[in-house]
Amino acid sequence: MHASLKINKLRRLFVGLTAVAAAAAATSSFAQLSDDAVRARVDALMARMTLEEKAGQITQHFVFQEVPKEEERAAKEVAAGRGGSVLLLKTAADINRFQQMALKTRLGIPLLVGFDVIHGFHTVMPVPLAMAASWDPAVAQEAQAVAAREARAVGIHWTFAPNVDIGRDARWGRTVEGAGEDPTLGSAMAVAQVQGFQGPYIGAPGRVIAGPKHFAGYGASIGGRDYDEVDLSDSQLWNVHLKPFKAAVDAGAGNIMSAYMGLNGVPASGNHWLLTEVLRKSWGFKGFVVTDAGAAFDLTTHGYTRDKPEAARQALLAGVDMEMTKPFDSQVFANLPELVSKGEVPVAKLDDAVRRVLEAKVRMGVFEKPLVDEAEAAKVLADPAHRDVARRAAERSFVLLRNEKQLLPLKGSSLKSVAVIGPLADSAVDTVGPWIFAQNDAETVTVLAGLKAKLGAKVKVDYSPGVSMPKRANKSIFPEPKPVTVDDSKEIARAVQMAKQSDVAVLVLGEAQIMSGENASRSSFDLPGRQQELLAAVMATGKPVVVLLMSARPLDLKGLAPQALMQIWYPGTQGGAAVANVLLGEVSPGGKLPFTWPRNIGQVPLHYAHLQSHFTHAMTERYWNEPNSPLYPFGFGLSYSSFEIQDLMLSQPSLKASETLKVSVKLRNTGARKADEVVQLYVRQKAGSSARPVRELKAFRRVSLDAGATQTVSFDLPASELQYWSAAVRRFVLETADFDVFVGNDATAKLAGKFQLEGEAIARP
């Protein structure tokens with residue numbers, strides 16, 4: 001063997017045979033490693049690295065296989081040791097190919113492979129907003145565990161999820177990725193998804209690193225316009241937008257993604273206060289921070305830095321550990337070796353970033369198992385149990401908004417014919433929703449397919465798309481599926497005739513998936529194209545009409561009120577099967593709205609947790625022409641049964657700052673069938689050093705009850721949950737104050753009690 005080759009082989013052997021490597025290799029399940037063992041291995045490796053190799057480890061490259069030259073560029077960077085991570089590779093074979101390139105570099109350090117596993121990889125779950133509508137964190141955790149298992153099987157180690165941005169303006173396209181408007185619901189879903197992705201520890205078998213995003217405030221972009229600046233008060237930032245991030249960090253998230261936009265005038269990816277003072281020093285975050293795509297490069301776009309070298313310096317010193325480069329060679333961290341050599345960046349800061357990335361690789365076991373078994377990966381992706389999880393998740397996410405004269409559930413035994421109408425009724429790509437890059441149309445169950453399978457040959461099921469789905473006015477950054485295109489006037493007429501000849505018409509209306517997500521903000525809540533005209537024409541037949549809305553924002557039906565209306569979001573791979581089960585009554589819908597549904601877009605932003613203000617008695621009369629109250633309140637949702645919530649009990653009339661208040665109610669199913677109800681607890685601090693919202697969600701529980709059954713539902717409300725950031729004294733406070741408590745099934749809960757908190761006395765300036 002040639003001497004140099006032998007030396008390189010020995011070097012790689014040294015990397016793999018430290019004490020930690022030997023311990024890790026002794027178990028195929030990658031047992032949790034101690035901090036000391038991880039640090040020892042990383043220190044030994046870093047002692048052998050050049051500045052260029054260090055900069056390479058904290059650079060992540062897009063692999064756009066649709067653009068051969070771009071894939072070649074990424075491969076060249078990896079082979080030269082100038083890439084420690086890649087994203088967008090979808091198959092085990094391609095990931096193995098890139099890993100083999102990395103293993104042939106001087107130190108043979110494997111890649112950390114990332115991917116947008118937002119709501120599923122091969123098996124697609126309902127979109128995150130839909131999972132939030134389940135008000136069942138266990139569902140979200142189970143769904144993301146399946147997503148993690150599939151992703152890990154093909155060699156992916158890390159997901160850029162969950163999105164924990166609070167979204168109070170549904171014009172913003174990325175509302176679909178979050179949990180809605182409320183920080184308590186958002187925090188619960190953030191924790192559930194982190195635990196689903198990561199499991200009990202980073203490196204757990206079949207799990208991936210969770211990467212909560214976008215730190216921070218991205219959901220408050222001005223006008224709901226994606227990428228635009230964010231201007232948030234400290235009160236809003238601390239009390240609303242940072243809460244789910246703090247919950248995700250406390251849950252052990254291994255990664256945080258910094259945001260694109262400027263936060264109060266300072267770009268988030270160059271914001272030292274945000275990334276270092278808050279995230280690391282105050283919250284104690286130990287993982288690594290990655291920018292959103294090109295966000296380090298964009299520090300210059302913002303006018304915050306002059307050029308690439310300054311952008312690299314500012315991002316690193318602010319607290320960024322890894323640059324997700326923009327495609328087409330716009331990286332800035334390649335300038336770090338020269339900046340360190342010139343003394344403009346301390347080598348210790350570079351080492352801190354490299355250490356965090358290498359620690360993630362060690363914990364994930366990529367040194368022991370850089371390649372994956374492609375045959376085994378195929379078996380994991382084909383696991384039928386994953387489809388069961390997807391179906392149950394979808395069933396629990398649907399929100400029933402109207403059900404006049406109990407049209408639903410449909411009586412399958414008496415049905416002879418059903419008209420299924422709408423441009424989304426048989427669209428697989430729209431059923432799964434946005435952020436799916438490994439689309440599998442053949443496996444996706446559309447609403448039409450689900451109803452046909454459920455009803456069988458005895459029921460005639462006719463179908464018409466009804467109208468065309470229009471294209472976007474401004475092109476998406478993602479590939480745009482070919483929309484449904486028909487002669488609208490002729491197809492509306494055909495749909496009307498079809499409805500007249502059927503027992504019931506099921507209309508599947510809404511927005512195409514390309515109309516939600518990144519770069520998909522919208523200035524209107526109207527039904528796209530001529531769907532409104534289609535709806536009016538079918539309703540005019542006088543036949544029973546069920547409308548299923550497929551969207552991730554509230555839509556304005558212009559006053560039309562179909563007999564039954566249900567929000568089904570983008571329900572995923574098994575969406576059609578789930579819809580059929582709910583429409584035919586095998587499952588009762590129990591989801592609740594994770595946002596306030598306005599009457600029209602002129603009310604936006606509209607959320608329930610607002611402050612009292614002048615003329616409080618006329619809060620719903622702010623507009624002279626119509627009420628300012630929502631069409632449907634936050635937390636609203638019907639079922640096929642009815643419930644009573646009564647007998648509110650508080651464990652004590654007052655509590656100290658160290659105590660926990662126990663709140664209980666009796667929930668009774670007063671209907672004739674088993675169903676779910678979500679019991680929601682809200683509080684209001686009646687006075688304080690700062691004005692407080694009229695009410696805030698503090699706890700919730702989804703409960704399944706048999707017909708006629710009664711159950712006591714209890715909540716623990718620690719006094720610590722009542723603290724808030726006060727603008728008057730510019731810190732968190734837990735004040736002596738009187739509180740109202742409300743319990744019900746939406747944000748208008750009427751059942752009320754009161755208690756007093758014996759906290760600190762605030763001396764106001």
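In which helix is the place of Thr431? Thr431 belongs to helix 19, which spans residues 428-432.

The views below show a predicted model, in which local features need pLDDT of at least 70, side-chain atom pairs count only at pLDDT 80 or more, and totals for chains, interfaces and linings use all residues. Residues are numbered from 1 along each chain as its sequence is written, and side-chain values use heavy atoms, with hydrogens and water left out.

View 1. Helices (H or I, at least four residues) and strands (E, at least two) are DSSP runs, numbered from the N terminus. Thr431 counts as buried because its relative accessibility is 0% (buried means under 20% relative accessible area, exposed over 50%, partly exposed in between, with a 1.4 Å probe and protein chains only). The side chain of Thr431 reaches the backbone oxygen of Ser427 at 2.7 Å. Leaving aside residues up to four places away in sequence, Thr431 touches several residues, among them Leu424, Thr444, Met550, Tyr570 and Gly575 (contact means heavy atoms within 4.5 Å).

**View 2. Packing of helix 20 against helix 23.** Helix 20 (residues 447-455) and helix 23 (residues 575-583) pack at an angle of about 50°, and their axes are 7 Å apart. Axes are lines fitted to C-alpha atoms, for helices over the stretch in contact, and angles run from 0 to 180 degrees between N-to-C directions. Helix 20 and helix 23 are therefore oblique to each other (angles under 35 degrees count as roughly parallel, over 145 as roughly antiparallel, 65 to 115 as roughly perpendicular and the rest as oblique). In helix 20, Val447, Gly450, Leu451 and Lys454 meet residues of helix 23 including Gly576, Ala577 and Leu583. The residues of this contact divide into 6 nonpolar, 3 polar and 1 charged (Ala, Val, Leu, Ile, Met, Phe, Trp, Tyr, Cys and Pro count as nonpolar, Asp, Glu, Lys and Arg as charged, and the others, Gly among them, as polar).

**View 3. Packing of helix 21 against helix 22.** The axes of helix 21 (residues 488-500) and helix 22 (residues 531-539) cross at roughly 30° and come within 9 Å. Ile492, Ala495, Val496 and Ala499 of helix 21 make the contact with Glu533, Leu534, Ala537 and Val538 of helix 22. By class, this contact has 7 nonpolar, no polar and 1 charged residues.

**View 4. Lys411 in a loop.** Lys411 lies between strand 10 (399-403) and strand 11 (417-421). With a relative accessible area of 47%, Lys411 is partly exposed.

Key
Polar contact = N/O pair within 3.5 Å; in protein donor to acceptor, adjacent residues only side chain to side chain.
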